[in-house]
Protein chains: 2
Amino acid sequence: MVAGLALSIRELPDADFLLHGNEEELARLVAQEAGLAGRVTLCHADRVVTMQDKPSQVMRHGEGTSMWSCIESVKQGAATAAVSCGNTGALMALSMIRLRRLPGINRPAIASLWPSRNPGGFNVMLDMGADVKAEANDLLQFAMMGASYARNGLRLARPRVGLLNVGTEEHKGRAELKEAHELVAQSAEAGGFDYVGFVEGSDIPSDRVDVIVTDGFTGNVALKTGEGTAKLISDFLREEFNASVFSRLAALFALSTLRRLQKRMDPRRANGGVFLGLNGTVIKSHGSADATGVAAAIRLAHQLAAAGFQERLAARVASAMRPRQDGTDGATPSETAVGTGGGTKE
Amino acid sequence: MVAGLALSIRELPDADFLLHGNEEELARLVAQEAGLAGRVTLCHADRVVTMQDKPSQVMRHGEGTSMWSCIESVKQGAATAAVSCGNTGALMALSMIRLRRLPGINRPAIASLWPSRNPGGFNVMLDMGADVKAEANDLLQFAMMGASYARNGLRLARPRVGLLNVGTEEHKGRAELKEAHELVAQSAEAGGFDYVGFVEGSDIPSDRVDVIVTDGFTGNVALKTGEGTAKLISDFLREEFNASVFSRLAALFALSTLRRLQKRMDPRRANGGVFLGLNGTVIKSHGSADATGVAAAIRLAHQLAAAGFQERLAARVASAMRPRQDGTDGATPSETAVGTGGGTKE
């Protein structure tokens, strides 16, 4: 965490940082990194949440941990966004009870970036595992929140949203997906996105869509399947290039090309799952992230904070939750305010 | 189909083939391929099922199509196994109503091979999309059937079975998964497999497990996500090797290595989804399969037919469905018969 902070802090001259944990240990680590002095405030916590702790236990007895302290700093307004590499379930549980859900949001979601053929290099996918299920109305809220994240995180004026299914025909899939298909189509205008309909697993890295909406069980399986497949291919590639003297020679010639490929597929570039639907921005970094990965998550937190993402998302959700009959399915107040300023984001 | 048949027929001297479709057109195609004369019987059908036809329509009005004729030849015992590249939903629907489910089977499943780190190069995964959901008892039946397929299709004496979930801890996942976790663990001995517990998406291509059990929605999304990821990496690899004169030169040096990788990841080698749980063996080839892919599906059909897979699977299912209290949770009759012959398969 401290090494990642040191990597990112030079690029973010306007930001200050609160570091939660054992003060003595953190002070020692911070002193070793150039550039951190004066930019980092230490917030002591006696305990930590471990990867083995059950979310329900952490909700009840988590006070005094660094995770609790970190979420609390967002709740109190001392921090604009939280970044953690810790236990995902516990982080979501603490975020839910301390920050509370945005009015009208039933299930918060975790949104992640996925390497894609789109010009920006990434698509957004949610839910990646905040909850193991989602009803039609939850999927609608995911579409609204995912589109908002794509506008502020990927700087897309009008994101294209798709619902993940086992086929693109309207009669396919589970009952809640058919219902969500109607709901999302009706809300595209109010949500400021284009709805492209059902998409399949093969479309996740495609340029057909910017935001892929699914339940947290399917999203988590898809994410890990994609990671597992990429790892398998990378292992096979390494094995084949190590197979003979000739192939090892070929690898030398191909080294710079293979490095470019590796960089393009580097999961650390996309590190950071954003919790959407809460009164505060929380970013979950991969548990095994190194300094490069942590720095990516911190940059993402900074970008969302600088864009006023939390306020924009809350305004969009509030507007979408307003009953249709009051005739405000067009521009929202926040959108109008930004619109006159020449912005295209929400 | 005819070109794939010509590729595979030389390796299968003990097999004969029934070819269903327009007799005139098929006769012309068969005449063009060496080695097919005298080995192929043409079965005329006036119509075909298209990729756009709805399964429910094909169930009611499918008589007279080549797909119907093909399934009928299995039902009548004229064929031991069916291979089709057609509409998956229609093929499953026709197979269900014409062949009927095995006694005790609630939901049939589609099992596919997945490239893996295991010595044989493949894992088995099911259900890949026969149905969009599965209850705990369906997942148990998938485990039994998948283990049987792994014994006969992958020649594994005692397959390791895992349940796909969003984490490996026992408290994670959906309610039906927790219930299935207990059921599968209790049935491992009777099913002749080892139960490794919950596995994650990243384990699908691993050597931790041989058979991955999941519902048809999740299985289908995972399959297509894996395919999409492999395609993205392969596209990026091609782009990077085409990026400059130097990288194109490097590609020349690396050509044989890259070809070996391509062969190892070639989806055509794993072509053929097997419908499990019916009174008859039906294999679904990928709709876009070329001759190499079709030949792989035909070889798989031949292997399963030669192993007496259908009878072994039916015996295993019948034994598993027998109430526990009759004390036959050990060897089944079929297993004993094979056991005395020195075989390790079921």
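Which residue takes a positive phi just after H6(A)? A:Arg155 does, at about 60 degrees. The notes below start with the basis of the model and then go from the interface to single residues.

1. **Basis.** This is a predicted model: local features need pLDDT of at least 70, side-chain atom pairs count only at pLDDT 80 or more, and totals for chains, interfaces and linings use all residues. Residues are numbered from 1 along each chain as its sequence is written, while chains are lettered from A and ligands numbered from 1 in the order in which they are written.

2. **Interface.** Chain A puts 44 residues in contact with 44 residues of chain B. Contact means that the C-beta atoms of two residues, placed from the backbone, lie within 7 Å. On the chain A side, helix H8 (216-241) and helix H9 (245-265) each supply at least two residues. H8(A) gives the largest share, 19 residues. Helices here are DSSP runs of H or I with at least four residues, strands are runs of E with at least two, and both are numbered from the N terminus.

3. **Interface make-up.** The side of chain A that touches chain B has 21 nonpolar, 13 polar and 10 charged residues. Nonpolar covers Ala, Val, Leu, Ile, Met, Phe, Trp, Tyr, Cys and Pro; charged covers Asp, Glu, Lys and Arg; the others, Gly among them, are polar.

4. **Symmetry.** Chain A superposes on chain B by a rotation of 180 degrees with 0.0 Å of shift along its axis (RMSD 0.0 Å). That is the relation of a two-fold axis.

5. **A residue at the interface.** A:Thr225 lies in helix H8 of chain A. It counts as buried, because it has 29 C-beta neighbours inside 10 Å. The cut-offs, with C-beta atoms placed from the backbone: buried is 20 or more other C-beta atoms within 10 Å of a residue's own, exposed is 12 or fewer, and partly exposed is in between. Leaving out residues up to four places away in sequence, A:Thr225 touches B:Gly201, B:Ile204, B:Ala222, B:Thr225 and B:Gly226.

6. **Sheet of chain A.** Eight strands make an open sheet with mixed pairing, in the order E3-E10-E9-E4-E5-E8-E6-E7. Strand E3 (81-84) and strand E7 (194-199) of chain A stand at the edges with a single partner strand each, so one side of each has no neighbour in the sheet. The twist averages 25 degrees from one strand to the next. Two strands pair if DSSP finds at least two bridges between them.

7. **One end of that sheet.** Strand E9 (residues 273-276) and strand E10 (residues 281-284) of chain A run antiparallel, joined by three bridges. A:Val274 stands opposite A:Ile283 in E10(A). Helix H5 (residues 88-99) of chain A packs on the sheet and touches E3, E9 and E10 of chain A. Its direction makes about 175 degrees with that of E10(A). Axes are lines fitted to C-alpha atoms, for helices over the stretch in contact, and angles run from 0 to 180 degrees between N-to-C directions.

8. **Helix H6 of chain A.** H6(A) (residues 136-153) has 18 residues. From first C-alpha to last it reaches 25 Å, close to the 26 Å expected at 1.5 Å a residue. The expected span is 1.5 Å times one less than the number of residues. H6(A) is largely enclosed by the rest of the structure, because 16 of its 18 residues are buried.

9. **Strand E6 of chain B.** E6(B) (residues 160-164) pairs in the parallel sense with strand E8 (residues 211-213) of chain B over three bridges. B:Gly162 stands opposite B:Ile212 in E8(B). E6(B) also pairs with E7(B) in the parallel sense, over five bridges. There B:Arg160 stands opposite B:Asp194.

10. **Cover on E6(B).** In a regular strand the side chains alternate between the two faces of the sheet. Both faces of E6(B) are covered. B:Arg160, B:Gly162 and B:Leu164 are buried on one side, and B:Val161 and B:Leu163 on the other.

11. **B:Leu26.** B:Leu26 sits in helix H2 (residues 23-32) of chain B. With 20 C-beta neighbours inside 10 Å, B:Leu26 counts as buried. B:Leu26 touches B:Leu19, B:Gly21 and B:Leu42, not counting residues up to four places away in sequence. The C-alpha atoms of B:Leu26 and B:Leu42 are separated by 7.4 Å, with the two residues 16 apart along the chain.

Note on methods
Copies are superposed by least squares on the C-alpha atoms of residues with pLDDT of at least 70 in both.
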